[in-house]
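Take a moment with the sequence and the model below. Then follow the chain through its strands, its cores and its rings.

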Amino acid sequence: MASTDFGRTVRRWRDRVAPEAAGLPSGGHRRAPGLRREELAMLAGISVDYVTRLEQGRAENPSEQVVEALGRALRVSPAEREHLFHSAGLVPPGRGTVPAYIAPSVHRMLDRLTGTPVAVSDASWTLLLTNPLYTALMGERHGRERNGAWRAFVGSGGRVRHTPESRRALETAVTADLRTAASRYPADRRLRQLVADLRANSTRFAELWDAGAVGHHEASRKTIDHPQVGPLTLDCDVLTVAGTDLRIMIYTAEPGTEDAERLELLAVLGPQPLVADPHPREPGPTQRPSPTALVTRRGPGESPTRPAGS
């Protein structure tokens, strides 16, 4: 019964979210006014098949992470978030756990920053929300790859190019962030498990953790190696939302530079593919004309904004 109620709730609330309100193109034939299943899946960072099985009541016991991700994609209120957890047979996370609720004002900010890659993470550096340009820049992220600390020490590392010095600074700052989060949210089981798994799988993390590493994130310039448009060197700033511990990461290009042209081209190309792939393949080598030529010749493009990828 709980799985059926949860699926019906997700289906009903999916219909009420207008595509443009979620920063998605609203053109084309739509049988319903709300989000398509593949759009909800992309926004939540889960597979379309899983969304389908949840809505039809064929998938039982969704995890806290899945319920939280669907709630963010559906833009639920705090009371609706609580109902969503209860309908899934779960107890909503309480005090002492890392906050994952994103206020409507933060959603609106992402919707308006169509030409700027933006991502929102929680206090443990787990990716909560991205706009389409950030996803196009960094690629889709799934599973543990959605956590920045895991990527930094154990996972793929992503597309950002690092020097030995920048790598050390990142590792120190991330470890210090997790230590702060662990002391602030002692009841968070997922955070404790993340720290334990990092200690077990990364000697470097264990050394920094045991040494009580202290560091912080600073504004920086990063080079991202993109498989379609080539390298982009962008300014990276990390902002915090007062009272929530949310981290907003923003990438910008200096106007008039080739990096700005490449970023403009990326906004036209958008994230590919639309449907989240649980087993993404590495793109093969491609031959491409210069970003300047492509930007000059392009036709009118849509300007998307939103969801799942840091």
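Predicted model: local features only at pLDDT ≥ 70, side-chain atom pairs only at ≥ 80, totals over all residues.

**Strands, cores and rings**

Residues are numbered from 1 along each chain as its sequence is written, and side-chain values use heavy atoms, with hydrogens and water left out.

Strands (E, at least two residues) and helices (H or I, at least four) are DSSP runs, numbered from the N terminus. Two strands pair if DSSP finds at least two bridges between them. β5 (residues 230-241) and β6 (residues 246-252) run antiparallel, joined by seven bridges. Here Val 241 stands opposite Leu 246. On its other pairing, β5 meets β4 (residues 220-226), again antiparallel and over seven bridges. Three residues separate β4 and β5 in their hairpin. His 226 has Gly 230 as its bridge partner.

Now turn to helix α4 (residues 64-73). Nine of its ten residues are buried, so the rest of the structure largely encloses this helix. Buried means under 20% relative accessible area, exposed over 50%, and partly exposed in between (1.4 Å probe, protein chains only). Among the buried residues of α4 are Val 66, Leu 70 and Ala 73. Just after α4, Arg 75 takes a positive phi of about 55°.

Where does Leu 70 belong? It is one of the residues that touch the most other members in the largest nonpolar core, which has 26 residues. Such a core is a set of buried Ala, Val, Leu, Ile, Met, Phe, Trp, Tyr and Cys residues joined through side-chain atoms within 4.5 Å. The elements giving two or more residues to this core are α1 (2-16), α2 (37-44), α3 (48-55), α4 and α5 (78-87). A second, separate core has 20 residues, including Met 138 and Leu 232.

Last come the rings. Rings of Phe, Tyr and Trp (its six-membered ring) pair if their centres lie within 6.5 Å; planes under 30 degrees apart are stacked, over 60 edge-to-face, and the rest tilted. There are three aromatic pairs. Phe 153 and Phe 205 are edge-to-face, 5.2 Å centre to centre with 75° between the planes. Phe 153 lies in α8 (residues 148-153) and Phe 205 in α11 (residues 203-210), so the pair ties together parts 52 residues apart in sequence. Phe 205 is buried, at 0% relative accessibility. Ring pairs link Phe 153, Phe 205 and Trp 209 into a cluster.
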